[in-house]
Number of protein chains: 2
Amino acid sequence: MVATQDDPRFLRSREAILTAAREVLLAHGPGAVTHARVAEQAGIARATVYRHWPRTDQLLAEAMATVPMPFFEAPDAPTREWLVRELTALARQLDHHDVRVIATTLAGSALWEDDMDARRARFADLLAGRLAGALEAARSRGEVDLHTAPRDAAALAIGPLYYRATIERGTTDEGVIATVVDSLGRWR
Amino acid sequence: MVATQDDPRFLRSREAILTAAREVLLAHGPGAVTHARVAEQAGIARATVYRHWPRTDQLLAEAMATVPMPFFEAPDAPTREWLVRELTALARQLDHHDVRVIATTLAGSALWEDDMDARRARFADLLAGRLAGALEAARSRGEVDLHTAPRDAAALAIGPLYYRATIERGTTDEGVIATVVDSLGRWR
């Protein structure tokens, strides 16, 4: 594959396959992302899909990888207000079908597929690290007395939004977000 | 199907198919639960699997339905201690691969399949109702000043455990459980 990666036709068919894989995923779920379905959706020969991605688990993982993850990126004081803003933005993202698809596919497929599990682990570490860093900085500035280990903040803060969106299939309102932020520590 | 349900061979093959579907699900994920794979796993003709379950989404939903859901069933005072016990039991369940499979399959497959979505909704309502009832009873006994609407308690209490188990793929310790319980209200 390395020798042909500069070929514009190769790049075009690669892009068409990724787009088709995302469309099939959003409409029918990860189990539907097969070589045959993706080839049909892309209007491309099945053999071409095989040439680019011999395994559909890798195709699925790559089709999901283009989703950006901008949350908790740039901590800002006062940290409590920043956290409320970031969690509100995340909750609004989790109102969308496609974001729920990405989240549940990541969690589910990772149980059986190594590529997906590596993505899940990177994603989880990124969020946990960003939140822990923001809380430690807030503590060092005297903004908060933490009720929790900083590395637990991601599960405590994101978990309720994720459960509400993917198990209860509902929306997270500002009352829940305030409760979540206050569960992390006593803010001054 | 109604006419043959009392036939012991019918019941035996039905049971064998459900067992095989569960085995395929746990080992390879919901996408692998196809008529062909389940027939092979059960050592049964594919036509027999089709006769019992014309659609694999219904087979998958039924294969998962045998998992019991004993959590938050019988509230007991003092409510804070009962909650800690129940959440600890749930966290220990979520340490197991098969429980993580059930949880992520329920959340994921429900996005595309009506049968699974109905199960997801019943499951979510059951847990939210049990927790809300327990917290309202605790409040009426003067055990707690709630920080949250009782119907939000399930997302707040279960969400962190679910995120830790399925996104972070880790275990929930007693520190997180204490933080979660204290986020629900001021316990006296």
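I started with Trp82(A), which is buried at a relative accessible area of 2%. For me, buried means under 20% relative accessible area, exposed over 50%, and partly exposed in between, with a 1.4 Å probe and protein chains only. This is a predicted model, so local features need pLDDT of at least 70 and side-chain atom pairs count only at pLDDT 80 or more, while totals for chains, interfaces and linings use all residues. Residues are numbered from 1 along each chain as its sequence is written, chains are lettered from A and ligands numbered from 1 in written order, and side-chain values use heavy atoms, leaving out hydrogens and water.

Next, the rings. I counted 5 aromatic pairs over all chains. Rings of Phe, Tyr and Trp (its six-membered ring) pair if their centres lie within 6.5 Å; planes under 30 degrees apart are stacked, over 60 edge-to-face, the rest tilted.

Phe72(A) and Trp82(A) make an edge-to-face pair, 6.2 Å centre to centre with 75° between the planes. Phe72(A) sits in the loop between helix H4 (56–65) and helix H5 (79–93) of chain A and Trp82(A) in helix H5, so the pair ties together parts 10 residues apart in sequence. Helices (H or I, at least four residues) are DSSP runs numbered from the N terminus. Phe72(A) is buried too, at 0%.

Then I looked across the chains. The rings of Tyr162(A) and Tyr162(B) have centres 4.4 Å apart and planes at 15°, so I log them as stacked. The pair runs from helix H8 (residues 153–166) of chain A to helix H8 (residues 153–166) of chain B. Tyr162(A) is buried at 3%, and Tyr162(B) is buried at 4%. Ring pairs join Tyr162(A), Tyr163(A), Tyr162(B) and Tyr163(B) into a cluster.

Definitions and conventions
Helices (H or I, at least four residues) and strands (E, at least two) are DSSP runs, numbered from the N terminus.
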